Amino acid sequence: MTPPGTEAARAARVTATAPFGRALCAMITPFTEAGTLDLDGAQRLADRLVSAGCDGLVLSGTTGESPTTTDAEKSALVRAVRSAVGAGVPIVAGVGTADTRHTVELALQAEKAGADGLLVVAPYYSRPPQDAVEAHFREIADACGLPLVLYDIPGRTGTRIEPDTMTRLAGHPRIVAVKDCAYDLLGTQKVLARTELAYYAGCDEYVLALYAIGAAGYVSTVANAVPGPFRSILDAFDAGDLAEAARRQRRTIALTELMMSAGLPGTVTAKALLGRLGLPAGPVRAPLRPAGRETADGLLGAYERLMSEAA
């Protein structure tokens, strides 16, 4: 048996349980100051994130402002980022909508543009029952050739993907993973025990907790600014140093709280911080509004403290 801290063990874990790698970033969608899609900025940001430790990128999710980007913009973003990072970096494209037919259209479009996987959120607003939720995901999985990541975020959608529904969906050959933002540790463990679905922590404060019980890794918003410190949590755990992994997780708390729990969407705070760092970001699209100067100052201070401690 391979010792748990070796390179071979880490590679085996990635191959067996993390179909898109361990450390994924829910990338923002950069815009120009005029509010148009900034494809050059997206390419530069994607290259930086991969160079700094992201295994893969999730585009057009919540953080990527999917509700306010057009179908054509979503497709152009996938093509541009694929060109920037090359064929070896997994790209997961957000295609989820409240309309099954529209979601299928976006799935086929993302496949054609060069995505490696699809992030599909539970249908929102209409709050369908679980049999309809299951049918929605099955129709999308049947319609295209890419693997699906189910996005469970009931706080935004109003609809949970219940553990029993997850368990049934796990039998579909193209439903392979879950982005978990349900804040239900017991439910997560039930699905992990019953299925081979790869779970990704979608809440940055849960990265180590979920990884320790068998998750594949994370899809992080905060990693837009600090990809290295988040990856280092997983590296310490895989090396067998649980105390160090916990210390590294705790180091991220102040920045995570400011970015994700301070009353503003993570898209807004991520773009504010990236802008202060001179990285591609640009404005957010209405109805979102930019962060104020005081918020941006606080984010920058927390970023500098984290990077100093992680050095």
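**Figure 1. A network of salt bridges in the predicted model.** In this predicted model, salt bridges join Arg 22, Asp 55, Arg 231, Asp 235 and Asp 238 into a network. Over the whole structure, a search finds 16 salt bridges. Three further pairs are shown in the next two views.

**Figure 2. The salt bridge between Glu 73 and Arg 285.** The closest N and O atoms of Glu 73 and Arg 285 are 2.8 Å apart. Glu 73 belongs to helix H3, whereas Arg 285 sits in the loop between H13 and H14, so this pair ties together parts that lie 212 residues apart in sequence. Both Glu 73 and Arg 285 are buried.

Figure 3. Glu 134 pairs with Arg 168, with 2.7 Å between the closest N and O atoms. Glu 134 is buried, its relative accessible area being 13%, while Arg 168 is partly exposed at 41% relative accessibility. In the second salt bridge, Asp 164 pairs with Arg 194, and their closest N and O atoms are 3.0 Å apart. Asp 164 is partly exposed, with a relative accessible area of 46%. Arg 194 also counts as partly exposed, at 45% relative accessibility.

**Figure 4. His 172 and its contacts.** The loop that holds His 172 runs between helix H7 (163-169) and strand S6 (175-180). His 172 has a relative accessible area of 8% and is therefore buried. Leaving aside residues up to four places away in sequence, His 172 touches Arg 138, Ala 141 and Asp 142.

**Figure 5. Cysteines without a disulfide.** The structure has zero disulfides. Cys 54 is in none, and the nearest cysteine sulfur, in Cys 25, is 4.8 Å away. Cys 54 is buried, at 5% relative accessibility. For Cys 203, the closest cysteine sulfur is that of Cys 181; the distance between the sulfurs is 3.9 Å, which is too far for a bond, because a disulfide needs the two sulfur atoms within 2.5 Å. Cys 203 is buried as well, with a relative accessible area of 9%.

**Figure 6. The largest pocket and its lining.** The volume of the largest pocket is about 960 Å³. Its lining is made up of 43 residues, and those nearest the centre are Thr 62, Thr 63, Tyr 151, Ile 153 and Arg 156. Two or more lining residues come from each of helix H3 (71-85), helix H4 (100-113), strand S4 (117-121), helix H6 (154-157) and helix H13 (266-276). Among these, H6 gives the most, with three residues. By class, the lining has 17 nonpolar, 18 polar and eight charged residues.

**Figure 7. Helix H13 and what covers it.** Of the eleven residues of H13, nine are buried, so the helix is largely enclosed by the rest of the structure. The buried residues are Gly 266, Thr 267, Val 268, Thr 269, Ala 270, Lys 271, Ala 272, Leu 273 and Leu 274. Elements covering them include helix H2 (39-51), helix H12 (253-260) and helix H14 (293-310). After H13 comes Gly 278, which has a positive phi near 75°.

Key. Residues numbered from 1 in each chain as written. Predicted model: local features only at pLDDT ≥ 70, side-chain atom pairs only at ≥ 80, totals over all residues. Heavy atoms only, no water. Helix = DSSP H or I, 4+ residues; strand = E, 2+ residues; numbered from the N terminus. Buried < 20%, exposed > 50% of the residue type's maximum accessible area, 1.4 Å probe, protein only. Contact = heavy atoms within 4.5 Å. 1 Å grid on protein atoms, 1.4 Å probe; cavity = no way out; pocket = protein on both sides within 12 Å on 5 of 7 lines; lining within 4 Å. Points joined across faces, edges and corners; volume = space filled by probe spheres on them. Nonpolar A, V, L, I, M, F, W, Y, C, P; charged D, E, K, R; others polar. Salt bridge = Lys/Arg side-chain N within 4 Å of Asp/Glu carboxyl O.
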